[in-house]
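Welcome! Have a look at the structure, then try each task before reading on.

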Amino acid sequence: MEKEKESLKRLFQQEFSKMVAVISSLFGLEHIEIAEDVVSEVFLQAAETWGDKGMPPNPTAWLYAVAKQKTLYYFRRNKILEKKVIPELASRQEKSQEIAEPNFSQQNIRDSQLQMLFAVCNPAIASEAQIGLALRILCGFGIDEIAEAFLSNKETINKRLFRAKEKLRTENIKMELPPENEIAGRLDNVLHIIYLLCSEGYYSKTQNQILRKDLGIEALRLGLMLTEYERTRLPKTNALIALMCFHASRFDARETGGEGFILYEQQDEALWNQELIAQGKHFLYLSAEGDEISSYHLEARIAYWHCIKEDTREKWENILSLYNQLLMVNYSPSVALNRTFALYKANGRQEALVEAEKLKLENNHFYYLLLGELYKGFDNEKAALHFQKAYALAKTQTERSGIQEKIDSLR
Amino acid sequence: MLLFRFPQGNFEPGNIPPAEFQALAKKWQDWAGGIAAQGRLASNGNRLALEGKVLKPGGVITDGPFVEIREMLGSFIIVKADSLEEATTLAHGCPALDTNGSVEIRPVMK
């Protein structure tokens with residue numbers, strides 16, 4: 001029973017985004033909320049009917065058929081169809097009666113989802129809201145799940161989504177691919193949002209492992225969507241997909257907590273997903289076309305080296321060099337910390353300690369964790385001091401107990 | 001702005017075995033990476049090629065611009081620092097110093 005519920009949930013999640021995209025592409029983004037309502041009603045009816053009679057042989061076809069009926073019914077009942085939509089459609093095409101019905105062909109689903117991806121990742125919407133909207137509309141996540149991923153509450157998320165949808169209307173954002181000459185720039189924004197979704201899954205503060213994994217998988221799915229079209233299938237798209245494959249390959253090996261580089265050493269490589277690693281290598285290979293080296297290229301290569309468990313000098317020198325390059329295009333404290341760890345592995349403790357002391361990221365508990373690691377076994381007193389500072393700054397109980405273990409191990 | 005100068009001929013092709021050149025390149029990258037890790041790298045600058053021309057008064061053009069100067073300009077980067085002293089501190093450890101070169105530290109006028 002539990003299992004059935006789980007598979008139903010997955011089906012709904014997948015089909016939600018497809019149906020909302022198709023219905024919105026037909027009636028316009030200004031009616032996106034109606035599309036959401038219609039699809040929710042379809043699922044409600046499915047849950048009821050299937051609960052009584054069992055699942056039909058082809059559940060998706062059933063969902064699409066009911067969605068068609070409900071869409072037409074809804075728009076007719078509310079006269080929106082006659083007053084607003086039909087004239088609009090008629091002005092676009094002559095045969096209004098024929099096209100005023102959602103088309104759930106594979107091709108149209110794919111096209112609509114891609115258009116929706118570009119619409120949601122429109123720079124007119126605040127980036128946090130873009131992520132929320134992407135999770136809801138493109139990934140079919142529930143409001144409570146989004147709230148959990150952001151460590152926020154339902155009310156805040158609802159408001160954020162509401163404002164984002166209002167922006168879709170006021171900015172008159174259309175469901176269409178940007179014109180040829182704008183697509184490269186707009187694609188950057190789309191890739192960035194997908195990247196943030198993926199990091200949300202990888203580094204999210206929520207302890208809900210299933211949710212985190214879902215986030216990673218959905219980000220990967222959106223990325224793969226972009227590879228189906230020539231204009232969006234660029235080397236940087238492939239680089240981002242490679243990065244996400246490498247990340248996803250380690251989901252099962254990661255434990256709770258977000259201790260990045262330190263956690264990595266404790267991973268059980270038998271749990272790494274070799275199939276995803278192979279996929280990652282494939283996309284990394286494809287990403288090498290052309291001369292552009294995006295930050296996704298650099299991060300994907302770092303993730304690639306991390307998929308080789310064996311510690312060699314070559315590996316860490318490469319990782320260090322990639323982090324150096326990444327810092328030059330994209331500074332962030334966590335990249336600086338990871339770079340210093342790579343420096344320790346490649347060039348030794350002394351050099352890393354000197355560099356680490358210069359970073360002065362004094363509000364960051366990962367900084368003190370790194371210093372503690374660097375001093376460990378060399379000056380345990382200092383190591384303990386740094387771990388204690390990290391303990392005081394840590395934000396979650398899981399992190400604190402992990403740090404306590406480190407302090408205890410020094411004794 | 002940090003300007004790196006080198007004694008002429010130091011980097012002429014053939015003067016340095018490839019392995020050593022690679023090690024030197026790594027040193028440079030690690031050093032600049034250290035500045036970037038502190039969030040202080042404003043621009044990674046450009047490396048200047050070895051060849052060049054010099055135009056002198058009277059329309060005299062010479063190859064190899066550097067005959068009369070002991071050191072040639074090799075490259076530059078721009079760092080973020082609150083004072084000239086701070087920028088000078090950042091310049092410490094620069095690999096140019098290991099190869100008899102020098103670092104000239106100059107504020108960029110706004």
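The exercises that follow concern a predicted model.

**Exercise 1. Two helices of chain A**

Task: Work out how the axes of H16(A) and H17(A) are oriented to each other, roughly parallel or roughly antiparallel.

Solution: 
- Step 1. Find the two helices: H16 of chain A covers residues 313-329, and H17 of chain A covers residues 333-347.
- Step 2. Look at their axes, which come within 8 Å and cross at roughly 150 degrees.
- Step 3. Angles over 145 degrees count as roughly antiparallel, and therefore H16(A) and H17(A) are roughly antiparallel to each other.

**Exercise 2. Where the two helices meet**

Task: Find which residues of H16(A) meet residues of H17(A), and sort the contact by class.

Solution: 
- Step 1. On the H16(A) side, pick out the residues in contact, among them Trp316(A), Ile319(A), Leu320(A), Tyr323(A) and Leu327(A).
- Step 2. On the H17(A) side, their counterparts include Val335(A), Arg339(A), Ala342(A), Leu343(A) and Ala346(A).
- Step 3. Sorted by class, the contact of H16(A) with H17(A) has 11 nonpolar, two polar and four charged residues.

**Exercise 3. One arginine**

Solution: 
- Step 1. Compare sequence and space: Pro179(A) is 52 residues from Arg231(A) in sequence, while their C-alpha atoms are 11 Å apart.

**Exercise 4. Chain A touching chain B**

Task: Find which element of chain A gives the most residues to the side that touches chain B.

Solution: 
- Step 1. The contact takes 14 residues from chain A and 11 from chain B.
- Step 2. On the chain A side, the elements giving two or more residues are H16, H17 and helix H18 (349-359).
- Step 3. H16(A) gives the most, with six residues.
- Step 4. By class, this side of chain A divides into seven nonpolar, four polar and three charged residues.

**Exercise 5. The make-up of chain B**

Task: Describe the order of the elements in chain B.

Solution: 
- Step 1. Chain B has two helices and six strands.
- Step 2. Starting at the N terminus, they run β-α-β-β-β-β-α-β.
- Step 3. Of the 110 residues in chain B, 17% are buried.

Methods
Residues are numbered from 1 along each chain as its sequence is written. Chains are lettered from A and ligands numbered from 1 in the order in which they are written. This is a predicted model: local features need pLDDT of at least 70, side-chain atom pairs count only at pLDDT 80 or more; totals for chains, interfaces and linings use all residues. Axes are lines fitted to C-alpha atoms, for helices over the stretch in contact, and angles run from 0 to 180 degrees between N-to-C directions. Helices (H or I, at least four residues) and strands (E, at least two) are DSSP runs, numbered from the N terminus. Angles under 35 degrees count as roughly parallel, over 145 as roughly antiparallel, 65 to 115 as roughly perpendicular and the rest as oblique. Two residues are in contact if their C-beta atoms, placed from the backbone, lie within 7 Å. Ala, Val, Leu, Ile, Met, Phe, Trp, Tyr, Cys and Pro count as nonpolar, Asp, Glu, Lys and Arg as charged, and the others, Gly among them, as polar. A residue is buried if 20 or more other C-beta atoms lie within 10 Å of its own, exposed if 12 or fewer, and partly exposed in between; C-beta atoms are placed from the backbone.
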